[in-house]
Amino acid sequence: CVMRFKAPNYFVGIPTSTTSWVNQSIASLPSQCRIHDPGSLHITVAFLGKIQSSDTIDALKAYMDSIPAFAIPQFYNLAAPHAFPQLSRLTSVGYKVGQNYDLIKDFVFMHRAKLYEIAQCTQRDHR
């Protein structure tokens with residue numbers, strides 16, 4: 001999925017299944033954390049930043065449509081949450097991939113460079 005932030009920043013991510021473990025995990029976060037939508041939890045493949053051109057968006061969509069669905073890792077688990085960049089200046093919460101980490105890592109690195117190339121990213125953000 002391609003998601004757009006309120007500011008014109010884009011990223012490509014793999015949606016995750018939000019089952020009961022999300023509520024348990026959210027309960028373990030520090031009190032200053034505010035969860036907007038657990039359904040938006042995803043694994044970031046590439047953070048692309050600002051994209052001005054609709055042609056670029058179309059090219060990104062075409063590339064992602066060319067990736068066979070079976071190639072996207074389906075079986076993995078997410079481990080303990082951690083704060084970014086740190087608890088005192090929290091901007092987001094992340095989860096480490098547990099089971100099948102290598103499948104996710106290989107998928108990300110197989111596609112990230114091409115996504116950056118299509119988006120003409122000059123500064124790469126490896127969130």
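**Helix 2 and selected residues**

Visitor: Where is glutamine 120 found?

Guide: Glutamine 120 is found in the segment after helix 3; helices (H or I, at least four residues) and strands (E, at least two) are DSSP runs, numbered from the N terminus. This is a predicted model, in which local features need pLDDT of at least 70 and side-chain atom pairs count only at pLDDT 80 or more, while totals for chains, interfaces and linings use all residues. Residues are numbered from 1 along each chain as its sequence is written, and side-chain values use heavy atoms, with hydrogens and water left out.

Visitor: Is glutamine 120 buried or exposed?

Guide: Glutamine 120 is exposed, at a relative accessible area of 62% (buried is under 20%, exposed over 50%, partly exposed in between, with a 1.4 Å probe and protein chains only). Its phi is positive, about 55°, although glutamine 120 is not a glycine.

Visitor: And what is phi of asparagine 100?

Guide: Phi of asparagine 100 is near 65°, a positive value in a residue other than glycine. Asparagine 100 belongs to the loop between strand 5 (92–97) and helix 3 (101–119), and with a relative accessible area of 30% it is partly exposed.

Visitor: Turning to helix 2, which of its residues are buried?

Guide: Thr56, Ile57, Leu60, Tyr63 and Met64 are buried in helix 2. They cover an arc of only 125° around the axis, which puts them on the same side of helix 2; the arc is that of the directions from the helix axis to the C-beta atoms.

Visitor: Which exposed residues does the face turned away carry?

Guide: Ser54, Asp55 and Asp65 are the exposed residues on the face of helix 2 turned away from its buried side.

Visitor: How far apart are the end C-alpha atoms of helix 2?

Guide: They are 16 Å apart, which agrees with the 16 Å that the 12 residues of helix 2 (residues 54–65) should span at 1.5 Å a residue. The expected span is 1.5 Å times one less than the number of residues.

Visitor: New topic: where is leucine 41?

Guide: Leucine 41 is in the loop between helix 1 (20–27) and strand 3 (42–50). Leucine 41 is buried, with a relative accessible area of 17%. Isoleucine 14 is 27 residues from leucine 41 in sequence, and their C-alpha atoms are 8.8 Å apart in space.

Visitor: What lies over the face of phenylalanine 109?

Guide: Arginine 112 does, at 5.5 Å from the ring centre. A charge sits over a ring if NZ of Lys or CZ of Arg is within 6 Å of the ring centre and within 35 degrees of the ring normal.
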